[in-house]
Amino acid sequence: MDNSWFKELVVYQIWCRSFKDGNGDGIGDLYGVLEELEYIKSLGVNCIWFSPLYPSPNCDYGYDVADYKDIHPDFGNLDVFKEVLDKAHSLGMKVIMDLVVNHTSTECEWFKESKKSVDNPYHDYYIWRKGKNGNPPNNWLSNFEGCAWEYVPECDEYYLHTFAIGQPDLNMDNPKVREEVKSILRFWLDMGVDGFREDVITYISKKEGLPNGFPLMPIARGMEHYNKGPHFMEYMQEFREVINEYDCFVVGESPMTGPADAIRFASGDDRILDMLISFDHMSADCLFIDMVHLPFSLKRMKKAFSKWQKYLYGKAWNALYIENHDHPRIISRYGNEKYRTESGKMLATMCFMQSGTPFIYQGQEIGMVNTKLHSYSEFKDVMTFNGRRLLRKIGVPDFLSIKLMNRTSRENSRTPVQWNSSNYAGFSTVEPWFGVNKNYKKINVAAEEKDKNSILNYYRKLFKVRQSNDIFIYGEYKEFYKQSKKIYCYERRLGDKRALIVCSFVSRPVEFKAPLGYKLKRSKIVLHTYKDKPKAKKNTITLRPYEAVVYLYD
């Protein structure tokens, strides 16, 4: 089935708990989503991705699923979800769900049965092993909570959890587990959803024998034995057979993968995925994970984007994003909070004028920035507390680690969406489950709506330009001035059309000279991030702080 319509989507990610509270309990929910579907549509969005909505004890805020075929009571129920789904479809928007099948919650009925005894039919739904000489089965470390093994006395065995203790890994080698996954897919697709974002899907197959991992890894030790594991392709092809029964698409989250993996997994008629969510471009200010902070490197970021753009063109399809629920806010990372509006517009231009399907995250379109917390009692996330534990091990006191967490924690993306300047930012009528960023009186949807030069209104222009010009969807990519530490410049080319995208990454004026073959005065400026267009002199412009310009040549 030709599902290539996914290439022309603009996807809006909703992390429901922090989107909008529609029933007055301080927690975002589907009632709040229902209220704001027209707003989402107004952005130029034609697809919504819901982070997990399933019942969950929230050790990892929904990514520990207790029941794959229901809705968490905090968010509503299946009836209100169907109402949201139907209204989104009536507005011309697709809806995709988060599929989390590398692991479940310990509160999942499968796991509750699994741990009763080694003879229980569900025991083999998970990865259980005997210990070795009073120690865990191997030296693997989880991504979130120390040792990747947890002992259960009832079975006298350990279960594997590559993430939190409350997230036991499923045993995908068991055909019954794979049948359960197919049943989950069909349940939601039969209801009418249009696809899935598949969480850490490349982790689902573990190497036989579960050998020890590379000993020096401080977290995720053993990943080399389960990332893109031995039966990954085989199992994904099984799931794809179900996907191909429906007119839908799937995008896979794929840590520690490169463009060659994307060609292998997401190209051709027999592809197992339609797109991969890569991480390379999110490492321009860190080493492997956000918490290991480094100075931002424009050259490193450009190299990552260009690698994926060039390698995939004509073979596979990119997923374009710079914000989601797993990272701090991008203006605070790659932009400049003092130039919030300017850098917010520029970063949107830089990313979404490339080839691929745009994914934007709630609050990104109004320029939300990182929050500032003062005590670990204010934090919520298991990943934050794991970072605190690791830093304590090397002697870093809490007052210093909190400063790091305020800069690097993914909790920055999980503060409630700021709708207006009223109490609790219009997110709720009561105190929210998580603290609202104190800048909400200035940064909110209502204020951005009123300002025709706001980030919000710029996003609308940007997606209108993109959807009106195939070159920005299907055009070939080429980077210029690769060594520049101040400017990111690339072209898009489709047939006789060309476009030139120019972005400044510095807080002072910088001179830009057009590349060979480009005459700035012979172009049409289709996007500019300041109120007035830059004026060219002898094929040169002076870019203002964090300015971006898009030139189109017919």
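1. A cavity here is a set of points, on a 1 Å grid over the protein atoms alone, where a 1.4 Å probe fits but cannot get out. Grid points are joined across faces, edges and corners, and a volume is the space filled by probe spheres set on the points. By that rule the structure holds 7 cavities of 30 Å³ or more.

2. This is a predicted model: local features need pLDDT of at least 70, side-chain atom pairs count only at pLDDT 80 or more, and totals for chains, interfaces and linings use all residues. Residues are numbered from 1 along each chain as its sequence is written, and side-chain values use heavy atoms, with hydrogens and water left out.

3. The largest cavity has a volume of about 90 Å³. Its lining (residues with an atom within 4 Å of a point) includes H281, W308, Q309, N318 and Y321. Two or more lining residues come from each of α8 (298-312) and β12 (319-320). Helices (H or I, at least four residues) and strands (E, at least two) are DSSP runs, numbered from the N terminus. The top contributor is α8, with 4 residues.

4. That lining has 7 nonpolar residues, 5 polar and no charged. Nonpolar means Ala, Val, Leu, Ile, Met, Phe, Trp, Tyr, Cys and Pro; charged means Asp, Glu, Lys and Arg; the others, Gly among them, are polar.

5. A pocket is an open set with protein on both sides within 12 Å along at least five of seven lines. The second largest pocket has a volume of about 480 Å³. It is lined by 21 residues, with F296, S332, R333, Y334 and G335 nearest its centre. The largest share, 3 residues, comes from α9. This lining divides into 6 nonpolar, 8 polar and 7 charged residues.
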